[in-house]
Amino acid sequence: MTPLIVGLCGTDLEIIDGNIDPAYVSYPLALGHEWCGLLSGDDHQLIVAEGVVPCGHCGRCREGRTNLCETYEEVGFTRDGAAADEVVVPRDVVHLLGEHVDRSAAALVEPMAVVYQGLARARPQPGWRVLVIGDGTIGLLSALLARLFSPARVDLVGARPAQEELALSAGVDSFGLTTSRAPAGYDLVIEAAGSSQAAVMAVEAARRGGTVVLLGLPPHGETAIVAIDKVVNGDLAVHASFSYSSSAFAAAATLLDAGAVDPSFLVTHRFPLEEWSAAIETLRRPSGVRGKVVLEI
Ligand SMILES: [Zn+2]
Ligand SMILES: [Zn+2]
């Protein structure tokens, strides 16, 4: 494949810094797990590809839970990613998109699939009150995709006031700061900040009978103290979600191709591949409105 746009994310920083569980990464490595491209030798056919490469025959793959394949392989983690002139992926993980699809939006299918997988586990019901914790791409995409399930409201709490503009574009009813507010009473809380404090806040924010989905990934081995009686007395459902299955990725690609969602507003910074270090610096030290940082290959 010939990569066109490669999104960078906090997980890339953790790979650079060596903060990922060593079981899920192998060095040396070309980064790039959020991308779109063209079929090699075809200047027109826009494609996206599942990053998780399932073996297709283990028990987990046969259950459809390809994100848990017994042989973990992921583009940009254990295989070279797309921040390069060429990237090689198996035919089975490639999904075709129509020419009408915005290329920057296409590069967001991978994080959309992460969010879709988590939301599918929560089975959101119409009328639910939804809280998203985290103002990065996964949080903003969570707010955007949660709208598809006809919630009563979607609120988002973030760490940086400048992100309010993007949160409103994602369709939130309110934006607040994690420091100024201890939210409570939500049917569904999505943790997308990737810190153990945010995970604790997510449990605290759920109403009795509510559902918590942990999408963020704190540094390897980090622990948190959770009031277990709150979880038990609250009859809470707490789900954690790892990556995405083939079907979640296909659903995300289809939603984009059909025009049901448009996440292109999220791309706020673009750099040519040669300026990768400036791109990583923008990711590491955000200032002002900062959505997805992408490399244009
Ligand atoms: Zn990512
Ligand atoms: Zn498998």
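Tutor: Helices (H or I, at least four residues) and strands (E, at least two) are DSSP runs, numbered from the N terminus. Under that scheme, Ser 241 falls in the loop between strand 10 (237–240) and helix 9 (246–257). The model is predicted: local features need pLDDT of at least 70 and side-chain atom pairs count only at pLDDT 80 or more, whereas totals for chains, interfaces and linings use all residues. Residues are numbered from 1 along each chain as its sequence is written, chains are lettered from A and ligands numbered from 1 in the order in which they are written, and side-chain values use heavy atoms, without hydrogens and water.

Student: Why is Ser 241 called buried?

Tutor: Buried means under 20% relative accessible area, exposed over 50%, and partly exposed in between (1.4 Å probe, protein chains only). Ser 241 has a relative accessible area of 14%, and is therefore buried. Its contacts (heavy atoms within 4.5 Å) include Gln 117, Gly 118, Arg 121, Leu 214 and Leu 215, leaving aside residues up to four places away in sequence.

Student: Which accessibility class does Arg 123 belong to, and what is its phi?

Tutor: Arg 123 also has a positive phi without being a glycine, at about 45°. This residue is in the loop between helix 4 and strand 5. With a relative accessible area of 64%, Arg 123 is exposed. An intermediate case is Glu 275, which is partly exposed because its relative accessible area is 41%. Glu 275 sits in the loop between strand 11 (267–272) and helix 10 (276–284).

Student: What makes the peptide bond from Tyr 27 to Pro 28 a cis bond?

Tutor: Its omega is near -5°, and the bond is cis. Pro 28 belongs to the loop between helix 1 and strand 2.

Student: How do you know which residues coordinate the zinc ion (ligand 1)?

Tutor: Donors are N, O and S atoms within 2.8 Å of the metal (3.2 Å for Na, K and Ca); water is not among the atoms, so sites may look incomplete. Cys 9 (SG), His 33 (NE2) and Glu 34 (OE) coordinate the zinc ion at 2.1 to 2.2 Å. Their spacing in sequence is C-x23-H-E. Cys 9, in the loop between strand 1 (2–8) and helix 1 (10–17), and Glu 34, in strand 2 (residues 34–38), link distant parts of the chain, 25 residues apart. Cys 9 counts as buried because its relative accessibility is 13%, and Glu 34 counts as buried because its value is 3%.

Student: Why are helix 1 and helix 10 called roughly perpendicular?

Tutor: Axes are lines fitted to C-alpha atoms, for helices over the stretch in contact, and angles run from 0 to 180 degrees between N-to-C directions. Angles under 35 degrees count as roughly parallel, over 145 as roughly antiparallel, 65 to 115 as roughly perpendicular and the rest as oblique. The axes of these two helices come within 10 Å and cross at roughly 110°; helix 1 and helix 10 are therefore roughly perpendicular. Leu 13, Ile 16 and Asp 17 of helix 1 meet Ile 280, Leu 283 and Arg 284 of helix 10.

Student: What makes helix 7 (residues 196–205) mostly covered?

Tutor: Seven of the ten residues in helix 7 are buried, among them Met 201 and Val 203. The buried residues of helix 7 pack against strand 5 (129–133), strand 6 (153–158), strand 8 (186–191), strand 9 (206–214) and helix 8 (228–233). Helix 5 (residues 137–146) is likewise mostly covered, with nine of its ten residues buried; Leu 140, Leu 141 and Leu 144 are among them.

Student: Which residues touch the most other members of the largest nonpolar core?

Tutor: A nonpolar core is a set of buried Ala, Val, Leu, Ile, Met, Phe, Trp, Tyr and Cys residues joined through side-chain atoms within 4.5 Å. The largest has 51 residues, of which Val 48, Leu 97, Ala 106, Val 130, Leu 156 and Leu 188 touch the most other members. Helix 4 (residues 109–122) gives this core its largest share, seven residues. At least three core residues come from each of domain 1 (2–112 + 244–296) and domain 2 (117–240), with bounds taken from an automatic or database domain assignment. A second, separate core of 21 residues includes Val 6, Ile 47, Val 87 and Phe 271.

Student: How far apart do the C-alpha centres of domain 1 and domain 2 lie?

Tutor: The centres are 23 Å apart, and the contact takes 28 residues from domain 1 and 20 residues from domain 2.
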